[in-house]
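Subject: Structure handover and notes

Hello,

Here is the structure we spoke about.

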Amino acid sequence: MSKCTLPLCVSDFFQPDGFIGVNIGTALSDMPSPTQVVALLKAQNIRHVRLYDADRALLLALANTGIRVTVSVPNDQLLGIGQSNASAANWVARNVIAHVPATNITAIAVGSEILTTLPNAAPVLVSALKFIHSALVASNLDGQIKVSTPHSSSIILDSFPPSQAFFNRSWDPVMVPLLKFLQSTGSYFMLNAYPYYDYMQSNGVIPLDYALFRPLPPNKEAVDANTLLHYTNVFDAIVDATYFAMSYLNFTNVPIFVMESGWPSKGDSSEPEATLENANTYNSNLIRHVLNNTGTPKHPRIAVSTYIYELYNEELRPGPISEKNWGLFDANGMPVYTLHLTGGGTVLANDTTNQTFCVAKEGADPKMLQAALDWACGPGKVDCSYLLQGQPCYEPNNVVAHATYAFNAYFQKMAKSPGTCDFKGVATITTTDQSHGSCIFPGSAGRNDTLPNSTSLAPSSNSTTSGCHSVYIYGAGSFTTSVIISVLLMSVFCL
C-alpha cells in the first residue's frame, strides 16, 4: 500500500476519537413534541444529532443542551440556494444565526444524495456549498460550523477490493471541485453507508455475518489482493473504498463522516433479514466499533464518526415495510429493541424498556384531563393523597401535573399493561422520569414503594359501586359550575 505523500494525510488531519449520533426523521403520524425528543436524547446520552431540515421548534428545544446539531438544506431548496448567494445568506440567517450560540449547530448538510437522487441539481451543488460557507464566514461562524453534502455509497464503482474503487467518472466535474472545497475549508466527506442494501443486492455473495460485524474466522475474511488488508465487515470496506476513491482523484486529507447507517427491524416477505435480532446485532456492533476507535484497515485507530439511521420508526414513509422500521424507538420513546452495548460506552446504553411513565398528553383538553384525573383517583383506586395540599406532589397545583401523577400511578399499578395509559386519548407513554424535588413518581428508581396490581381498567358493568369517589377541581370558574362540568364529564369514564 502506498503511503500518503501529500503535506497532510487523514491521520494528520483528523482526531482519532469518533462519536455516535442519530438521525431524526419526521414521517410519524404522532411526532413527539420537541421537548419529548430532547428528553429522550438526554436520557440516552446522545450528544450528536442530524436533522433533515432546520426545524425551528426543535432547534429551540435543543438550546442550552450542548448537543451538537447538524442541520440540513432540504433537496427541494437546493436549486434556489445554489443559484443565489442572497438566498443562501437568508437561509443561514434564518436557520443558523438565529439559533447560535444557544443551540450548538456544528455542521450544515446541503441536500442529501444529490448526485443519485436529484442529478439535475448537481451543477449547482458546489455553488450551494460555497454560498452557504460564505454566509458563515460573514458571521464569523465558519470555524465552528462545517459545510458538506451527504453521498450515497452507490456513487463508488468497483467497490471491492477497496483499493480499486473509484467514483463514477461522469461526476468528476462535480466531485473534484467538491473535494477541493472540503479540503480548503477543513470539512469532511459525508457518506451514507448501508451494509444492509449491499447484502440484499449481492445475491448471496456477501455473507450475512460479514454484513452484521459478526466475528469471522480468518479464512472467511475478505482480503484486498492489492494491499493485503483484511476486511472483517462490509462497513469498513465501504468506508475504505471511499478513501481510495478520493485518493484516486489525489485527495488524501479529507476525513469521512458516515451520516446514515443502520439496519431495519422489520420487512416484508422479500426482506427476510430485516429482523429485530439482525437490527440489534448490526447497530450494537456498529456502536462498539465506532466508539472503540477501531478505525478501518486503511486507517486503523482513526475512528469513523457515524450517525445511526434513525432515532424513531417512521411509519408514514412510503415504500416497503422495511422503510418504516429503521428506528431505535417508537413515537412514545419505547425502544424497538434493547441494544447490547457492553463495552460500547454510555451512548444509547440506557435500557428504557422498564423505565416508562404515563403522562398527560401535551395539548390535551383540560376538561377531559379533569375527568380522567377524577376517575383515576376514584374507581381507578389510585392513592392520590400525594396530591393533597402540603403533600410532596401538590405543586405545581394544576390539572396537567396532577393528572400526570395519577395517570402514572394507575399505569404502574396495572403493571404497565397495554391500554392502561390512554384515558380516552389524553395520556401517553414517555421514558422520561417525571419526578421532581421530593415528589417521586411510582416506577421511579428513587421510589421504593410498590403498588398492588389490579386486573381491570374500569369497574365492570355489574359492579355495585357507581365510582367517581373523589373530585379534584381546577379552574377559574365558580365552584358550583366547575363541579357540574366535572361530574358530567366524569360520566364518560364512570358509566
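The notes below go from the overall fold to cores, helices and aromatic contacts.

Overall
This is a predicted model. The protein has 495 residues, of which 52% count as buried. Its secondary structure comes to 15 helices and 15 strands. Among contacts with a separation of 6 or more, 71% join residues 24 or more positions apart.

In soluble globular proteins, nonpolar side chains tend to be buried together. The largest nonpolar core here has 102 residues, and Val96 and Phe189 have the most contacts inside it. Helix α11 supplies the largest share of this core, 10 residues. Leaving out residues up to four places away in sequence, Val96 touches Val71, Trp91, Ile105, Ile108, Leu136, Leu141 and Ile145. There is also a second, separate core of 28 residues, which includes Ala364, Met414, Val426 and Phe441.

Helix α11
Ala241 lies in α11, which runs over residues 234–248. Its relative accessibility is 1%, so Ala241 counts as buried. Beyond its neighbours within four places in sequence, Ala241 is in contact with Ile156, Ser159, Pro162 and Ala165. Ser153 is 88 residues from Ala241 in sequence, and the two C-alpha atoms are 9.1 Å apart in space.

Helix α8
Helix α8 covers residues 172–185, and Asp172 belongs to it. Is Asp172 buried or exposed? Its relative accessibility is 14%, and the cut-off for buried is under 20%, so Asp172 counts as buried. Not counting residues up to four places away in sequence, Asp172 touches Pro177 and Leu249. The buried residues of α8 are Asp172, Val174, Met175, Leu178, Leu179, Phe181, Leu182 and Thr185. The length of α8 can be checked: its 14 residues should span 20 Å at 1.5 Å a residue, and the end C-alpha atoms are 20 Å apart, so the two values agree. Gly186 follows α8 and has a positive phi, near 70°.

Helix α12
Helix α12 (residues 276–291) has 16 residues and reaches 22 Å from its first C-alpha to its last, close to the 22 Å expected at 1.5 Å a residue. The helix is mostly covered, with 12 of its 16 residues buried.

Helix α13
α13 has 12 residues and reaches 16 Å from its first C-alpha to its last, close to the 16 Å expected at 1.5 Å a residue. This helix is mostly covered as well, with nine of its 12 residues buried. Among the buried residues are Leu369, Gln370, Leu373, Asp374, Trp375 and Cys377. The N-terminal end of α13 is capped by Asp365, which has a side-chain oxygen 2.9 Å from the backbone nitrogen of Lys367.

Aromatic contacts
The structure holds 23 aromatic pairs. One of them joins Phe19 and Phe257, which are edge-to-face at 5.6 Å centre to centre with 85° between the planes. This pair links distant parts of the chain: Phe19 is in the loop between α1 (10–13) and β1 (20–24), Phe257 is in strand β12 (residues 256–261), and they are 238 residues apart. Both Phe19 and Phe257 are buried.

Trp375 and Phe423 form another pair; their ring centres are 6.2 Å apart and their planes are at 65°, so the pair is edge-to-face. Trp375 is in helix α13 (residues 366–377) and Phe423 is in the loop between α14 (399–413) and β15 (427–430), 48 residues apart, and this pair too links distant parts of the chain. Trp375 and Phe423 are both buried.

One aromatic cluster is formed by Tyr194, Tyr196, Tyr197, Phe213, Phe235, Trp263, Tyr282, Tyr309 and Trp326. Elsewhere, the charged end of Lys298 sits over the ring of Phe244, 4.2 Å from its centre.

Regards

Terms used. Residues numbered from 1 in each chain as written. Predicted model: local features only at pLDDT ≥ 70, side-chain atom pairs only at ≥ 80, totals over all residues. Heavy atoms only, no water. Phe/Tyr/Trp six-rings, centres within 6.5 Å; stacked < 30°, edge-to-face > 60°. Helix = DSSP H or I, 4+ residues; strand = E, 2+ residues; numbered from the N terminus. Buried < 20%, exposed > 50% of the residue type's maximum accessible area, 1.4 Å probe, protein only. Lys NZ or Arg CZ within 6 Å of the ring centre and 35° of its normal. Contact = heavy atoms within 4.5 Å. Expected span 1.5 Å × (residues − 1). Polar contact = N/O pair within 3.5 Å; in protein donor to acceptor, adjacent residues only side chain to side chain. Core = buried A, V, L, I, M, F, W, Y, C linked by side-chain atoms within 4.5 Å.
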